[in-house]
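Thanks for coming, everyone. Please have a look at the model on the screen, and then I'll walk you through it.

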Number of protein chains: 2
Amino acid sequence: MQTDTMTRRVEVPGGAGRAVRVRAGELVRIVDILGGQVGDVFAFAAGEQHGNEHHSAEHTRAVTSRLFPAVGEPFVTDRRRPILTLVADTSPGHHDMLIAACDPQRYAQLGVPDHRSCATNLWEALAAVGHPYTGPTPQPINVFMRIPVGDDGTLSWLPAPTEAGDAITFRAELDAVVVVSSCPQDLVGINRGAPSPLAVEVLAGQGRQP
Amino acid sequence: MQTDTMTRRVEVPGGAGRAVRVRAGELVRIVDILGGQVGDVFAFAAGEQHGNEHHSAEHTRAVTSRLFPAVGEPFVTDRRRPILTLVADTSPGHHDMLIAACDPQRYAQLGVPDHRSCATNLWEALAAVGHPYTGPTPQPINVFMRIPVGDDGTLSWLPAPTEAGDAITFRAELDAVVVVSSCPQDLVGINRGAPSPLAVEVLAGQGRQP
């Protein structure tokens, strides 16, 4: 059995965002370094010819018939092409694709209009790598975010249950730009404590080669 | 008690789409004329100054903490402004905001690449009224669509349970363009029988005036 080799590592400061470019076949491992921290994850097809193609939660649900993919299942784009596959999860396994990224309007409604947000982190991170996406902020893959659904369709907002070092790993199925935001939300109780850093590790992914 | 007065009525042919312009305060009633028919509903803020502002399912869930609003609750835009309120529902009350609109890629994957789709219906309807939205196809409000969520997060796809004449009514909270598509999906069992017509009735909404 081969071990996947880490080729690069980006640390996302607490409350900030970073973009990484990955090639199809590479693995992207997102680590909750200290525990209790939600990460908002976005994925965009690389290359001008793909325009605004991006991960789409509603298209993914139509493929998997699940609120969130299980290990081995795909995340697809708004053109219904697989862009990521969930390949490993050492966390308690609570992730969300129902709730929008926090944004300036959210914090204005909470009374703190100049608060950092995952939407702003996304736009800054895309600009930093020169990715041309111009659509609305997509529904994120909210890793480590616990939003259980009751029998009557009600959603509960619970704190991230992760411990230090918990991680979730995706395989890129397309050349892609993956953005990870350490959610700066500290006004509602989805993060445990102040925003804390996440690590984004890119692994060569030889483990899946023949 | 006053009765709301119908000011206009648009019939949406089975499998087709239509856009209606509504003013804030007007009521929009969507009627399943024959029963068993899913409608994909989209709402966009009217006016060039609002750019691509549109109903956003993930922002609505963040406000209501529900998979779908209850009567009396709002639907909000990607800028977190209320655009519609659910004011009445004479159907069995099953509606969906989890599954993407059907689109040409969906039908290509089902082996019928030139099938009509709700996404195409949306784009044609927006063009017919000259609305300039340029973003990706938004997550629709899938009225009369029954997608129950199991305890383990699995989604089931069940046929629309509506009977002839069942209706759902929204109040516009902004001047808006509302698009209704009679879902042409006849390859998976969400509609009962062939695509059938829906009616969009716009009511003056005096019932809420003082």
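I'll take the record first, then the core, the interface and the salt bridges.

Some ground rules. This is a predicted model, where local features need pLDDT of at least 70, side-chain atom pairs count only at pLDDT 80 or more, and totals for chains, interfaces and linings use all residues. Residues are numbered from 1 along each chain as its sequence is written, chains are lettered from A and ligands numbered from 1 in the order in which they are written, and side-chain values use heavy atoms, with hydrogens and water left out.

Now the record. UniProt, in an unreviewed entry, lists residues 11-176 of chain A as "domain: DUF1989". Those positions are in the numbering used here, the feature name is shortened, and annotations may be inferred rather than shown by experiment. The span is 16% helix and 26% strand. Its end C-alpha atoms lie 19 Å apart. Helices (H or I, at least four residues) and strands (E, at least two) are DSSP runs, numbered from the N terminus.

On to the core. By nonpolar core I mean a set of buried Ala, Val, Leu, Ile, Met, Phe, Trp, Tyr and Cys residues joined through side-chain atoms within 4.5 Å. Buried is under 20% relative accessible area, exposed is over 50%, and partly exposed is in between (1.4 Å probe, protein chains only). How many residues does the largest nonpolar core have? It has 48, and Val179(A) and Val179(B) have the most contacts inside it. In chain A, strand 4 (39-45), helix 3 (118-129) and strand 9 (176-182) each give two or more residues to this core.

Look at Val179(A). Contact means heavy atoms within 4.5 Å. Leaving out residues up to four places away in sequence, Val179(A) touches several residues, among them Arg18(A), Asp40(A), Phe42(A), Leu122(A) and Leu126(A).

Asn121(A) sits in helix 3 of chain A. Is Asn121(A) buried or exposed? Asn121(A) is buried, at 1% relative accessible area. Beyond its neighbours within four places in sequence, its contacts include Gly15(A), Arg116(A), Ser181(A) and Pro184(A). Asn121(A) and Gly15(A) are 106 residues apart in sequence, yet 8.3 Å apart in space, C-alpha to C-alpha.

Next, the interface. The size of an interface is often given as the accessible area lost when the parts come together. Buried area here is that loss (1.4 Å probe), summed over both parts. Between chain B and chain A it is about 2,700 Å², and carbon and sulfur atoms give 52% of it. Glu58(B), Arg80(B) and Pro136(B) supply 22% of the area that chain B buries against chain A, more than any other three residues. The contact takes 34 residues from chain B and 34 residues from chain A.

A salt bridge is a side-chain nitrogen of Lys or Arg within 4 Å of a carboxyl oxygen of Asp or Glu. Two of them cross this interface. Asp103(A) and Arg80(B) meet in a salt bridge, at 2.7 Å, N to O. On the side of chain B that touches chain A, helix 1 and helix 2 (104-109) of chain B give two or more residues. Helix 1 of chain B gives the most, with four.

So what about helix 1 of chain B (residues 57-64)? Seven of its eight residues are buried. Among them are Glu58(B), His59(B) and Arg61(B). The buried ones pack against helix 1 (57-64) of chain A together with strand 5 (74-76) of chain B. Just after this helix, Ser65(B) takes a positive phi of about 50°.

Last, the salt bridges over all chains. There are 22. Side chains of opposite charge can pair when their charged atoms come close. Arg9(B) and Glu201(B) meet at 3.7 Å, N to O. Arg9(B) is in strand 1 (residues 6-12) of chain B and Glu201(B) in strand 10 (residues 198-203) of chain B, 192 residues apart. Arg9(B) is partly exposed at 43% relative accessibility, while Glu201(B) is buried at 9%. Arg29(B) also forms a salt bridge with Glu201(B), with the closest N and O atoms 2.7 Å apart. Arg29(B) lies in strand 3 (residues 27-32) of chain B, so this pair ties together parts that are 172 residues apart in sequence.

How values were computed. Buried area is the accessible area (1.4 Å probe) that two parts lose on being put together, summed over both.
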